[in-house]
Amino acid sequence: MILATLADLEATITRDLSLTDYPARSWVPLRRFQDRPVLDVLIVGAGQGGLAVTFHLLRERVGNIMLIDQRKEGEEGPWTNFARMLTLRTPKYLTGPDLGIPSLTPRAWYEAKYGADAWDKLDKIPRETWHEYIGWYRRVLGLPVRNEVRLTRIVPVGDLFQVTLMPTNGGAEETHYTRKVVLATGTEGSGRWSIPPLVEAQLPRDRYAHTAQRIDFTKMAGKRIGVLGAGASAFDNAATALEHGAAEVSLFARRQSIPAINPFRWMEFTGFLHHFADLNDAQRWEAMVRVYSFNQPPPRDTLDRVRRFENFRLHLASPWVDAGFEGGKVWAKTPEHRHEFDFVLVCTGTEVDLARRPELAGFSEHIALWRDHYTPPPELEHPKLTGHPYLGAAFQFIEKEPGTAPFLKNIHNFTFGATPSMGLSGASISGMKFGVPRLVQGITRDLFLADAAIHQASLAAYDMRELVDDPWAA
């Protein structure tokens with residue numbers, strides 16, 4: 001019965017896409033360079049953001065595209081890699097990749113598979129269930145993903161890019177030409193995962209791991225674990241270690257208390273999601289400083305997850321001021337105490353630094369950052385925000401100095417580094433409904449305007465008669 005119901009839903013999707021398939025004509029002229037075909041768009045990253053962008057481009061009849069992901073099929077995105085929450089942190093009723101097609105929504109899929117009663121009883125969508133939904137979304141739409149391929153280099157060539165792709169399974173290096181590049185490379189896509197210098201310089205590499213890595217938590221049984229960081233993921237990783245038998249887990253936070261206000265829930269209204277990017281620089285900056293000052297609190301169920309364990313220790317107002325390795329143990333000093341561990345989980349998020357992205361290394365110095373466009377008043381200074389890319393209305397990079405790198409307008413940064421410029425309109429589930437159309441509309445606009453002369457010539461030569469052998473239309 002469940003399979004038949006899911007099959008019925010998939011038949012409905014086929015019909016819905018057919019009913020809304022207008023205009024159905026491909027319209028972007030094919031280009032060649034040095035006798036080689038040129039892609040219209042290369043999308044890098046086949047997580048939920050990259051898949052949704054690809055789907056929308058295909059709906060807009062931009063079909064000469066390539067979607068790549070460096071991971072194996074079924075491993076794209078964070079859900080089976082480093083996300084260790086039990087459920088998504090967003091409310092279950094949010095929509096995203098469906099882009100307004102009811103039969104493609106998470107709820108439609110969940111009810112077809114598990115029943116309407118199960119949806120009504122569901123609090124939040126489990127992480128593994130969301131991953132399954134994304135996999136089904138890719139399959140039912142037939143999205144053309146090339147897995148196990150990594151983008152290593154982008155080189156501007158006139159109004160095109162030469163891109164170098166390296167198969168991660170041992171194949172030969174490839175080069176392609178493309179007109180547009182969309183970077184849908186997720187949380188760390190505008191820099192790298194951040195490891196504090198204190199940890200990186202003073203601890204043996206086999207005694208710590210950033211929580212974005214694959215981690216074998218079974219090896220933590222009976223061990224004392226230190227957790228550095230106090231975001232939601234820090235508590236999720238602490239809970240995972242405890243659930244795998246850690247003898248003791250101690251979590252260290254610089255803050256005096258855990259944040260209680262979630263500004264992301266405030267952001268979830270149409271005006272903000274649609275139009276935050278249309279505010280002026282001062283308005284966007286003030287809003288983002290406010291958001292980042294709150295930080296995002298762990299959900300209540302995440303805190304309850306660690307509270308179940310008597311061997312969990314929470315150390316507030318306890319930044320690490322020194323650390324080292326002695327007698328087979330990691331030690332760390334806070335302003336008040338010295339602590340020892342067998343292993344450390346580093347949950348310190350990301351560092352936005354475009355120069356650390358290998359695909360951007362050849363020209364990152366030309367990309368405008370917020371510090372290049374806006375100087376805030378002293379009371380609103382926020383050094384971390386100043387290093388984020390300052391993006392145009394369609395997520396595109398902008399030149400630091402006009403005229404020095406005009407090709408940047410054809411690289412679109414659809415990563416979490418776009419947040420200060422675009423709000424929640426990036427690759428987050430909350431903003432996808434608004435961000436994907438904004439991005440795709442910018443791409444199709446650019447493609448049409450770049451080919452305006454070709455379209456004008458096509459119009460001038462158009463002579464297909466609708467009235468044939470009619471005396472009034474002779």
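Let's start with the aromatics: the structure holds 27 aromatic pairs. Keep in mind that this is a predicted model.

Take W27 and F448, which form a tilted pair, with 6.5 Å centre to centre and 55 degrees between the planes. Where do those two rings come from? W27 lies in the loop between helix 1 (2–19) and strand 1 (31–33), while F448 belongs to helix 15 (residues 429–450), so the pair ties together parts that are 421 residues apart in sequence. W27 is partly exposed, at a relative accessible area of 22%, and F448 also counts as partly exposed, at 41%.

Now for another pair, F252 and F341. Their ring centres are 5.7 Å apart and the planes sit at 80 degrees, so this pair is edge-to-face. F252 is in strand 11 (residues 248–252) and F341 in strand 15 (residues 338–341), so here the parts being tied together are 89 residues apart in sequence. And both F252 and F341 are buried.

Then there's a cluster. Ring pairs link F55, W109, Y110, Y114, W119, W130, Y133, W136 and Y137. Some of these names come back in helix 3 (residues 106–114), where P106, A108, W109, Y110 and A112 are buried. After helix 3 comes G115, with a positive phi near 105 degrees. W119 from the cluster has something else going on: K92 lies over the face of W119, at 4.9 Å from the ring centre.

Okay, on to helix packing. Helix 7 (residues 232–243) and helix 11 (residues 300–307) have axes that come within 9 Å and cross at roughly 35 degrees. Is that crossing left-handed or right-handed? It's left-handed. If you want to pick out the contact on screen, look for A232, F235, D236, A238, A239, T240 and E243 on the helix 7 side, and T302, L303, R305 and V306 on the helix 11 side. What kind of residues make up this contact between helix 7 and helix 11? There are six nonpolar, two polar and three charged.

Next, a few individual residues in loops. D342 is in the loop between strand 15 and strand 16 (343–346). With a relative accessible area of 14%, D342 is buried. So who does D342 touch, if you leave aside its neighbours within four places in sequence? The contacts are R207, K223, R224 and K329.

Now go to the loop between helix 13 (383–386) and strand 18 (411–413), where you'll find H388. H388 is buried, at a relative accessible area of 6%. Not counting residues up to four places away in sequence, H388 touches Y292, V352, L369, W370, G417 and P420.

P402 is in the loop between helix 13 and strand 18 too, but P402 counts as exposed, at 72% relative accessibility. If you go from P402 to L424, you cover 22 residues along the chain, and the C-alpha atoms are separated by 28 Å.

Let me finish with some backbone geometry. As a reminder, most residues other than glycine have a negative phi, and most peptide bonds are trans. Which peptide bond here is cis? One joins Y22 and P23, with omega about -15 degrees.

For positive phi, look at A317, which has a value of about 50 degrees although it is not a glycine. A317 is in the loop between strand 12 (312–315) and strand 13 (322–326), and at 29% relative accessibility it counts as partly exposed.

F395 also has a positive phi, near 70 degrees, and it is a residue other than glycine. F395 takes us back to the loop between helix 13 and strand 18. Is F395 buried or exposed? At 0% relative accessibility, F395 counts as buried.

Conventions. Residues are numbered from 1 along each chain as its sequence is written. This is a predicted model: local features need pLDDT of at least 70, side-chain atom pairs count only at pLDDT 80 or more; totals for chains, interfaces and linings use all residues. Side-chain values use heavy atoms; hydrogens and water are left out. Rings of Phe, Tyr and Trp (its six-membered ring) pair if their centres lie within 6.5 Å; planes under 30 degrees apart count as stacked, over 60 as edge-to-face and the rest as tilted. Helices (H or I, at least four residues) and strands (E, at least two) are DSSP runs, numbered from the N terminus. Buried means under 20% relative accessible area, exposed over 50%, partly exposed in between (1.4 Å probe, protein chains only). A charge sits over a ring if NZ of Lys or CZ of Arg is within 6 Å of the ring centre and within 35 degrees of the ring normal. Axes are lines fitted to C-alpha atoms, for helices over the stretch in contact, and angles run from 0 to 180 degrees between N-to-C directions. A crossing is left-handed if the near helix is turned anticlockwise from the far one by less than a right angle, and right-handed if clockwise. Contact means heavy atoms within 4.5 Å. Ala, Val, Leu, Ile, Met, Phe, Trp, Tyr, Cys and Pro count as nonpolar, Asp, Glu, Lys and Arg as charged, and the others, Gly among them, as polar.
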